[in-house]
Amino acid sequence: MDIRTGEAFVFDVCSFYGHNEYDTGNWRAPRHRLSNKAYIRSYKRNFPVSEPKEDWDARNLLYSLTFNIGNTIYIPGSSQRQVVYDDMTTLCRMFCAAELDQELEALREHGELDAEHASAGA
């Protein structure tokens with residue numbers, strides 16, 4: 001309540017400024033009913049895809065990481081850890097493949113890459 005005017009107001013401590021497409025990041029996960037492609041098509045009809053349009057899927061994958069990392073941390077028994085790893089690897093393959101290969105090779109040489117992730121650079 002604003003003491004000067006007597007009017008109510010809401011303050012959301014979790015709010016932030018972000019790209020409108022960020023909203024769709026949580027829709028990507030199959031655990032949500034909104035992961036149905038019909039919702040994304042409808043969203044795109046109402047909110048045109050930003051430029052560069054060809055990067056829309058990569059942006060959506062990037063935006064989904066926040067939600068999937070949170071799921072991995074906060075939900076016991078979550079199966080999202082591998083999804084997060086795979087999605088990060090996919091993004092690195094798309095935008096910095098040479099750097100990913102270099103880092104994976106360094107990890108292999110030092111024996112720091114476990115068998116589960118050893119093929120990620122392949």
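Keep in mind that the model is predicted. The protein has four helices and zero strands, so reading from the N terminus the elements simply go α-α-α-α. Of the 122 residues in the protein, 27% are buried. And among contacts with a separation of 6 or more, 46% link residues 24 or more positions apart.

**How α2 and α3 pack**

- Start with helix α2 (residues 56–74) and helix α3 (residues 80–95): their axes come within 9 Å and cross at roughly 155°.
- Angles over 145 degrees count as roughly antiparallel, and α2 and α3 therefore get that label.
- As for handedness, the crossing of α2 past α3 is left-handed.
- On the α2 side, the residues that meet α3 are Ala58, Leu61, Leu62, Ser64, Leu65, Asn68, Ile69, Asn71 and Thr72.
- On the α3 side, you'll find Gln80, Arg81, Val83, Val84, Asp87, Met88, Thr90, Leu91, Met94 and Phe95.
- Sort the residues in this contact by class and you get 11 nonpolar, six polar and two charged.

**How α3 and α4 pack**

- Next comes helix α4 (residues 97–109), whose axis comes within 5 Å of the α3 axis, with a crossing angle of roughly 125°.
- That angle makes α3 oblique to α4.
- The α3 residues making the contact are Tyr85, Thr89, Cys92, Arg93 and Phe95, and their partners in α4 are Ala97, Leu100, Asp101 and Leu104.
- By class, this contact has six nonpolar residues, one polar and two charged.

- Glu21 sits in the segment before α1 (37–46).
- Is Glu21 buried or exposed? With a relative accessible area of 2%, Glu21 is buried, because anything under 20% gets that label.
- The side chain of Glu21 makes a polar contact of 2.7 Å with the side chain of Arg59.
- Skipping residues up to four places away in sequence, Glu21 touches Tyr43, Pro48, Val49, Ser50, Trp56, Arg59 and Tyr63.
- Thr24 is also in the segment before α1, and its relative accessibility is 0%, so it counts as buried.
- Which residues does Thr24 contact, leaving aside neighbours within four places in sequence? They are Ile40, Tyr43, Trp56 and Asn60.
- Thr24 and Tyr39 are 15 residues apart along the chain, and their C-alpha atoms are separated by 9.2 Å.

- Asn68 belongs to helix α2 and is buried, with a relative accessible area of 4%.
- Apart from residues up to four places away in sequence, Asn68 touches Ala29, Arg31, Gln80, Val83, Val84 and Asp87.
- Gln80 lies in helix α3 and counts as buried at 10% relative accessibility.
- Gln80 and Leu65 are 15 residues apart along the chain, with 9.8 Å between their C-alpha atoms.
- Leu91 is in helix α3 too, and it counts as buried at 12% relative accessibility.
- How far apart in space are Leu91 and Leu62, C-alpha to C-alpha? The distance is 7.5 Å, although the two are 29 residues apart in sequence.
- Leaving out residues up to four places away in sequence, Leu91 touches Ala58, Leu61, Leu62, Leu65 and Cys96.

**A cis peptide bond in a loop**

- What kind of peptide bond joins Glu51 and Pro52? It's a cis bond, with omega at about -10°.
- To find this spot in the structure, look for Pro52 in the loop between α1 and α2.

Technical notes: Residues are numbered from 1 along each chain as its sequence is written. This is a predicted model: local features need pLDDT of at least 70, side-chain atom pairs count only at pLDDT 80 or more; totals for chains, interfaces and linings use all residues. Side-chain values use heavy atoms; hydrogens and water are left out. Helices (H or I, at least four residues) and strands (E, at least two) are DSSP runs, numbered from the N terminus. Buried means under 20% relative accessible area, exposed over 50%, partly exposed in between (1.4 Å probe, protein chains only). A polar contact is a pair of N or O atoms within 3.5 Å; within protein, one must be able to donate a hydrogen and the other to accept it, and residues adjacent in sequence count only if both atoms are side-chain atoms. Contact means heavy atoms within 4.5 Å. Axes are lines fitted to C-alpha atoms, for helices over the stretch in contact, and angles run from 0 to 180 degrees between N-to-C directions. Angles under 35 degrees count as roughly parallel, over 145 as roughly antiparallel, 65 to 115 as roughly perpendicular and the rest as oblique. A crossing is left-handed if the near helix is turned anticlockwise from the far one by less than a right angle, and right-handed if clockwise. Ala, Val, Leu, Ile, Met, Phe, Trp, Tyr, Cys and Pro count as nonpolar, Asp, Glu, Lys and Arg as charged, and the others, Gly among them, as polar.
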